[in-house]
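Try each task with the structure open, then compare your steps with the solution.

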Amino acid sequence: MNTVEIMGNIGNKPEIITGNNGEFASFSVAVNNNYTNSQGQKVENTEWIPCICFIEGIVKFIKENVKSGSTVFVKGAFTTRTYNMDTVINTKTNEPHQMKKSEIRVQHIHLVTTIKKEETANEQA
């Protein structure tokens, strides 16, 4: 089973691109991996996970609701695609250089909201 689930913050505003088969969304999610190393020092690592979505309804949701800095939960499949980089020529084959890109092909996305302390206090009253 090829299923990936991540939760993190959107980097730049999602890019909505019009292709031959309609619009698709491309964005990156920052996920944190914080731990304490063997010397007792706290280490903070941020990984940027590229994501792409071709599902029309989800692309519309992303376009209308997801902004830079939004916290999201993303579920999808890990994919690697190959494409030609026409501006770089392989000197051995005299053909465009092939590139590979790994990303999450988004199947579900949820905008994560946090409850403010004032709202929590009002609900308990």
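This is a predicted model: local features need pLDDT of at least 70, side-chain atom pairs count only at pLDDT 80 or more; totals for chains, interfaces and linings use all residues.

**Exercise 1. A charged pair**

Which side chain meets that of Lys-75 in a salt bridge?

Side-chain values use heavy atoms, with hydrogens and water left out.

*Solution.* 
- Step 1: Recall the cut-off. A salt bridge is a side-chain nitrogen of Lys or Arg within 4 Å of a carboxyl oxygen of Asp or Glu.
- Step 2: Find the partner. The side chain of Lys-75 meets that of Glu-5, at 3.8 Å from N to O.
- Step 3: Helices (H or I, at least four residues) and strands (E, at least two) are DSSP runs, numbered from the N terminus.
- Step 4: Check accessibility. Lys-75 is partly exposed, its relative accessible area being 29%. Here buried means under 20% relative accessible area, exposed over 50%, and partly exposed in between (1.4 Å probe, protein chains only).

**Exercise 2. The other salt bridges**

How many salt bridges does a search of the whole structure find?

*Solution.* 
- Step 1: The search finds three salt bridges.
- Step 2: Glu-23 pairs with Lys-63, and their closest N and O atoms are 3.1 Å apart. This pair links strand β3, which holds Glu-23, to helix α1, which holds Lys-63, across 40 residues.
- Step 3: Glu-23 is partly exposed at 35% relative accessible area, and Lys-63 is partly exposed at 44%.
- Step 4: Arg-81 forms a salt bridge with Glu-103, with the closest N and O atoms 2.6 Å apart. Arg-81 is in strand β5 and Glu-103 in strand β6, 22 residues apart.

As background, side chains of opposite charge can pair when their charged atoms come close.

**Exercise 3. A closer look at Glu-103**

Is Glu-103 buried or exposed? Then list what Glu-103 touches.

*Solution.* 
- Step 1: Glu-103 is buried, with a relative accessible area of 3%, whereas its salt-bridge partner Arg-81 is partly exposed at 33%.
- Step 2: Locate Glu-103 in strand β6, residues 95-111.
- Step 3: Collect its contacts (heavy atoms within 4.5 Å). Not counting residues up to four places away in sequence, Glu-103 touches Pro-50, Ile-52, Ala-77, Phe-78, Thr-79 and Arg-81.

**Exercise 4. The nonpolar core**

How many residues does the largest nonpolar core have, and which of them have the most contacts inside it?

*Solution.* 
- Step 1: Define the set. A nonpolar core is made of buried Ala, Val, Leu, Ile, Met, Phe, Trp, Tyr and Cys residues joined through side-chain atoms within 4.5 Å.
- Step 2: The largest core has 17 residues, and those with the most contacts inside it are Phe-27, Val-29, Cys-51, Ile-62, Val-74, Val-106 and Ile-109.
- Step 3: Two or more residues come from each of β1 (4-10), β3 (22-36), β4 (42-53), α1, β5 and β6. The largest share, four residues, is that of β3.
- Step 4: Follow one member. Among the residues that Val-74 touches, leaving out those up to four places away in sequence, are Ile-6, Phe-27, Val-29, Cys-51, Val-106 and Ile-109.

**Exercise 5. Cysteines**

How many disulfides does a search of the whole structure find?

*Solution.* 
- Step 1: A disulfide is a pair of cysteine sulfur atoms within 2.5 Å.
- Step 2: The search finds zero. For Cys-51, the nearest cysteine sulfur is that of Cys-53, 9.5 Å away.
- Step 3: Cys-51 is buried at 1% relative accessibility, and Cys-53 is buried at 0%.

**Exercise 6. Overall layout and confidence**

In what order do the elements run from the N terminus on, and where does pLDDT stay under 50?

*Solution.* 
- Step 1: The two helices and six strands follow the order β-β-β-β-α-β-β-α.
- Step 2: pLDDT is the predictor's confidence in each residue, from 0 to 100. Its mean for the protein is 87, and 89% of the residues reach 70 or more.
- Step 3: Over residues 115-125 pLDDT stays under 50, and the model has one contact beyond four places in sequence for this stretch.

Methods: Residues are numbered from 1 along each chain as its sequence is written.
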